[in-house]
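Q: Please take a close look at one loop in this model. Walk me through its residues, and then through the core of the protein.

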Amino acid sequence: SKDAAPDVDGLALFGSAFTSTPAGSLGQTGASWQVAAYDDINFSSPVAQALDSTTDLTQWPVVPELAEDTQYRCRVRYISLGLGSEWSDASTFKTNV
């Protein structure tokens with residue numbers, strides 16, 4: 001998976017399309033999403049997450065609502081046949097006031 005990218009206006013995260021090697025050999029069956037405070041580089045205490053979602057495969061509307069004027073980091077991993085990919089590199093974003 002590619003980096004999770006935030007859409008701050010809609011508070012949704014977006015990931016790239018699922019791919020496998022060789023192409024088409026696996027299908028995506030789920031995704032896990034995490035948002036953590038900017039200084040929580042290991043995501044040890046996520047402030048929002050959706051683990052093993054079977055409906056939010058390449059985008060996730062962040063729940064709960066995040067604090068205003070605050071920096072966060074986010075990441076995603078994809079699931080196929082019960083196995084998870086590596087977590088994406090973290091992306092960072094700041095919410096509006």
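A: **A loop and a core**

The backbone nitrogen of Ser44 sits 2.9 Å from a polar atom in the side chain of Asp40. This is a predicted model, in which local features need pLDDT of at least 70, side-chain atom pairs count only at pLDDT 80 or more, and totals for chains, interfaces and linings use all residues. Residues are numbered from 1 along each chain as its sequence is written, and side-chain values use heavy atoms, with hydrogens and water left out.

Asp40 belongs to the loop between strand 3 and strand 4. A strand is a DSSP run of E, at least two residues, numbered from the N terminus. Asp40 is buried, meaning under 20% relative accessible area with a 1.4 Å probe, protein chains only. Yet Asp40 has no salt bridge (a side-chain nitrogen of Lys or Arg within 4 Å of a carboxyl oxygen of Asp or Glu). The nearest side chain of opposite charge, Arg73, is 6.8 Å away. Asp40 does touch Ser45, Pro46 and Arg73, leaving aside residues up to four places away in sequence. Touching means heavy atoms within 4.5 Å.

Asn42 lies in the loop between strand 3 (30-37) and strand 4 (48-53). Asn42 counts as exposed (over 50%) because its relative accessibility is 59%.

Now the core. The largest nonpolar core has 14 residues. Such a core is a set of buried Ala, Val, Leu, Ile, Met, Phe, Trp, Tyr and Cys residues joined through side-chain atoms within 4.5 Å. Among the members touching the most others are Trp33, Val35 and Val62. Strand 3, strand 4 and strand 6 (71-80) each give two or more residues to this core. Strand 6 gives the most, with 4 residues.

How values were computed
Lys, Arg positive; Asp, Glu negative; His and termini not counted. Polar contact = N/O pair within 3.5 Å; in protein donor to acceptor, adjacent residues only side chain to side chain.
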